Amino acid sequence: MSELPDPNELLEEALVENDKHYLRPYRKTIKALREKKFSYRQIADWLNDRGLDVDHNSIYREHTKHMSPEEESAQDLYDQNLEEIAED
């Protein structure tokens with residue numbers, strides 16, 4: 001059996017981890033950029049350029065987290081249309 005990690009070392013590592021809700025204060029910014037037709041990747045790049053270390057999946061999850069099922073369906077359809085336009 002391998003040796004277990006030191007609990008104090010794990011605690012120190014946990015304390016320096018990013019808060020899982022670090023995008024919450026930027027929710028309005030994300031919404032504003034989506035309204036300007038930015039893709040989730042473009043929003044992630046925009047925020048990365050301004051010092052936030054995020055990916056497009058995190059942006060999508062934060063943006064859709066508080067949507068009703070109807071809003072989410074409409075957003076999915078909107079996203080599909082954007083992808084089709086981008087391919088043209």
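In the predicted model, helix 2 passes helix 3 in a right-handed crossing. The axes of helix 2, which spans residues 27-35, and helix 3, which spans residues 40-49, come within 10 Å and cross at roughly 130°, an angle that makes helix 2 oblique to helix 3. On the side of helix 2, the contact is made by Thr-29, Ile-30, Leu-33 and Arg-34, and these residues meet Tyr-40, Ile-43, Trp-46 and Leu-47 of helix 3. By residue class, this contact of helix 2 with helix 3 divides into six nonpolar residues, one polar residue and one charged residue.

Within helix 3, the residues Tyr-40, Ile-43, Ala-44 and Leu-47 are buried. Because these residues cover an arc of only 100° around the axis, they lie on the same side of helix 3. Tyr-40, Ile-43 and Leu-47, which are among these buried residues, also take part in the contact with helix 2. The face of helix 3 turned away from its buried side carries Arg-41 and Asp-49, both of which are exposed. Helix 3 is followed by Gly-51, a residue whose phi is positive, near 100°.

Tyr-40 also has a contact with Thr-64, a residue placed in helix 4, which comprises residues 56-64. With a relative accessible area of 8%, Thr-64 falls under the 20% limit and is therefore buried. When its neighbours within four places in sequence are left aside, Thr-64 is in contact with Glu-72 and Gln-75 as well as with Tyr-40.

Definitions and conventions: Residues are numbered from 1 along each chain as its sequence is written. This is a predicted model: local features need pLDDT of at least 70, side-chain atom pairs count only at pLDDT 80 or more; totals for chains, interfaces and linings use all residues. Side-chain values use heavy atoms; hydrogens and water are left out. Helices (H or I, at least four residues) and strands (E, at least two) are DSSP runs, numbered from the N terminus. Buried means under 20% relative accessible area, exposed over 50%, partly exposed in between (1.4 Å probe, protein chains only). Contact means heavy atoms within 4.5 Å. Axes are lines fitted to C-alpha atoms, for helices over the stretch in contact, and angles run from 0 to 180 degrees between N-to-C directions. Angles under 35 degrees count as roughly parallel, over 145 as roughly antiparallel, 65 to 115 as roughly perpendicular and the rest as oblique. A crossing is left-handed if the near helix is turned anticlockwise from the far one by less than a right angle, and right-handed if clockwise. Ala, Val, Leu, Ile, Met, Phe, Trp, Tyr, Cys and Pro count as nonpolar, Asp, Glu, Lys and Arg as charged, and the others, Gly among them, as polar. The arc is that of the directions from the helix axis to the C-beta atoms.
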